[in-house]
Amino acid sequence: MVETMRQVQLHNWGSPDALTIAEATVPEPTPGKLLIKTSSIGINPVDWKTRAGNGIAGLLPKSRPIVLGWNVAGTVVTTGPDATGFSVGDEVYGLIGFPELGSAYAEYVCVRATDVAHAPATMPIEDAGAVPLVALTAWQALHDIAKVKKGDRVLIHAGAGGVGHVAIQLAAHAGAKVYATASPRNHAILSDLGAIPLDYTEDNYGLDLPAFDVVLDTIGGQTFNHSLDLVAPSGIIVSVPDPSNLHEAHARGIRAEWVFVHPDCHQLRKITELIDASNLRINIDRRYTLDEIAAAHAYGEEGHVRGKLVVTL
């Protein structure tokens, strides 16, 4: 077993260049944890927002350096005391530690056994790290909060994005009629996923739209406010970015909630089943190495990611 590893450290909030590669000691798993050798790391908006001092930066320790990253897939190399359900050699993936430090930006990472599940058998482990955060966010928004069901009319904003493209598939699988917004260049993607594409640059999205039982807003700001007119009287709007605009909905008597994703290995197992049954697929926009993680952050911040960004080791 190696004693040292490479990890990406952050000494101060800042630009992507604030992320630096350093040598560190390979951690040992404490009770209830697994040590995994990292194969892939998913990069999400919360990563670059937090790196810049926003996102969940206020929830993290003041000590420096810190290691970001919450989406990971890899192979179990050591099991700690009382860590059950997994054996050395198992391929696993999960949303780890969130919203505390997950420290996934490393060649090895300790994870709570209750934060991970066995990785999908039909998906390369080099892609699996892209799945957990976006899939759990979509699952918790649609199933836990909105209770989406067959026949519901569902609107998903930014349908070609990470959460959006998963949410389309989950809602369609539940039997909903799904509409999704995107720029025209991404409409073929939306159709392929099972949604009716809407052009967000057009007034009223270019169509005479029905009232929606569920609106999933992955953008926030004015998109949230403009969507309130589209919510059916008994419907709900769920915000992914933050809860800052919920009061606008509540003032109008519209049910509105914020989804703050949390690790859930039971839900992750259901997501795995959907992937292995070919009912859910993840689009990988770009792949990076650990040395290129700053470039992944920079590209993500441009706001044009189709699906997911993944770092492979």
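Which side chains meet in a salt bridge at 2.8 Å, N to O, with Glu301 as one partner? The side chains of Arg51 and Glu301 do, where a salt bridge is a side-chain nitrogen of Lys or Arg within 4 Å of a carboxyl oxygen of Asp or Glu. The model is predicted: local features need pLDDT of at least 70 and side-chain atom pairs pLDDT 80 or more, whereas totals for chains, interfaces and linings use all residues. Residues are numbered from 1 along each chain as its sequence is written, and side-chain values use heavy atoms, without hydrogens and water.

**Domains and their interface**

- The domain assignment, which is automatic or from a database, gives domain 1 (4-132 + 262-312) and domain 2 (146-258).
- The C-alpha centres of the two domains lie 27 Å apart.
- Contact (heavy atoms within 4.5 Å) involves 11 residues of domain 1 and 13 residues of domain 2.
- The two domains bury about 1000 Å² between them, 51% of it on carbon and sulfur atoms; buried area is the accessible area (1.4 Å probe) that two parts lose on being put together, summed over both.
- Leu280, Arg281 and Arg306 supply 50% of the area that domain 1 buries against domain 2, more than any other three residues.
- The interface holds 1 salt bridge; Asp192 and Arg281 form a salt bridge with their closest N and O atoms 2.3 Å apart.

**Salt bridges within the structure**

- The whole structure contains 9 salt bridges, including that of Arg51 and Glu301.
- Arg51 lies in helix α1 and Glu301 in helix α9, so this pair ties together parts 250 residues apart in sequence; helices (H or I, at least four residues) and strands (E, at least two) are DSSP runs, numbered from the N terminus.
- Arg51 is buried at 2% relative accessibility, whereas Glu301 is partly exposed at 38%; buried means under 20% relative accessible area, exposed over 50%, and partly exposed in between (1.4 Å probe, protein chains only).
- Arg287 and Asp127 also meet in a salt bridge (2.8 Å, N to O), linking strand β14 to helix α2 (residues 125-128) across 160 residues.
- Arg287 is partly exposed at 48%, and Asp127 is buried at 14%.

- The buried residues of α9 (residues 293-301) are Ile293, Ala294, Ala296, His297, Tyr299 and Gly300.
- These residues pack against elements including β1 (4-10), β2 (19-25) and α1 (45-51).
- Thr137, in helix α3 (residues 132-145), is buried with a relative accessible area of 4%.
- Thr137 touches Val163, Val240, Val259 and Val261, not counting residues up to four places away in sequence.
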